[in-house]
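The sequence and the structure come first.

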Amino acid sequence: MPAEAPAGLEEITVATPDGTSLALRVLAHPNPAAPVALILPAMAIKAKFYLPLVKALHAAGLSAATVDLRAQGDSRPKLGEGPGFGYRELLEVDLPAVVSAVRTRFPQSPLHLFGHSVGGQLALLYAAAEPDRVASVTTIGTGSVYWRSFPASRRLSILATTQWVGLVCRLKGNWPGGGGIGPMTGGVMADWVRHARTSRYRPSGSSRDYDRLLGELSLPLLVISLDNDPLGPESTVRFLCRRMPSAKLTRWHIDSSSGLKHLGHASWIKDSDLVGPAVAAWITAGKPPA
């Protein structure tokens, strides 16, 4: 969905220690101490897709930022042109650099993460590992992809589909896209497939025990599910929430009574004028969405 860049949008290039350049876009609130929300995109979705939400959060009193993840959008190198990577690089190389850049730009502001789909998984895992750098996490359309977390009628098809993705990645070295899953490097998909099979977060090459860290996460969380979301149905969201028993959890299930007209996995962005103020009110005043 094309979105016009709002006036005042800043573009910042974030360099990582391994030579990747990440494209960060920032819309600053006039109040230098206003909370800042950093939006982490879903797999294979460009950061520009979230500009309606950036504008809505800004209008509701926050500074807002969004970043093209490694090999997505305007980040460089492009997918397939650089070395392979997985969840470890996203969590332990890229996000520390992005968070540092945001905190440098907004030194007086508490940082709140907002993740969509896989971006929500990254937000939760990063916050679990670095809780002192994050004030809260909001997720939307983010559930476990563990096959047993899906409704019983879909479990075997989810298991078969995710393991087929893994087989293709082993043969081709990457996922070319298809089945509602955008193109992605084989390393990310291998970590994703392992989680789908086992329910555990064990990024290849990482020494962190993310499952234990999730269990210890005690930050405020706003976890949003969508009534018409086949990729993140409510059962998968509830499963993920049970992995975080120490968190200060607020749940918002959006259905037709919530005032939103678009309840799909990505189409909710069209109702950013409703989602943005609700999230901002929770961030600034702890007000649960209606």
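In which sense do β2 and strand β4 (residues 63-67) pair, and over how many bridges? β2 and β4 pair in the antiparallel sense, over 4 bridges. Strands here are DSSP runs of E of at least two residues, and helices are runs of H or I of at least four residues, both numbered from the N terminus. Two strands count as paired if DSSP finds at least two bridges between them.

The model is predicted, so local features need pLDDT of at least 70 and side-chain atom pairs count only at pLDDT 80 or more, while totals for chains, interfaces and linings use all residues. Residues are numbered from 1 along each chain as its sequence is written, and side-chain values use heavy atoms, with hydrogens and water left out.

**Strand β2**

On the β4 side, L27 has A64 as its bridge partner. β2 also pairs with strand β1 (residues 10-15), in the antiparallel sense over 6 bridges. Of the 7 residues of β2 (residues 21-27), 6 are buried, so the strand is largely enclosed by the rest of the structure. Buried means under 20% relative accessible area, exposed over 50%, and partly exposed in between, with a 1.4 Å probe and protein chains only.

**Strand β6**

In β6 (residues 136-140), 5 of the 5 residues are buried, so this strand too is largely enclosed by the rest of the structure. In a regular strand the side chains alternate between the two faces of the sheet. In β6 both faces are covered: S136, T138 and I140 are buried on one side, V137 and T139 on the other.

| Partner strand | Bridges to β6 | Residues standing opposite |
|---|---|---|
| β5 (residues 111-116) | 5 bridges | F114 and T138 |
| β9 (residues 220-226) | 4 bridges | I140 and I224 |

β5, helix α3 (residues 118-129) and β6 make a right-handed β-α-β unit. Right-handed means that, with the strands pointing away from the viewer, the path from the first strand over the helix to the second runs clockwise.

**Cysteines**

A search of the whole structure finds 0 disulfides, a disulfide being a pair of cysteine sulfur atoms within 2.5 Å. C169 counts as buried because its relative accessibility is 9%. C241 also counts as buried, at 10% relative accessibility.
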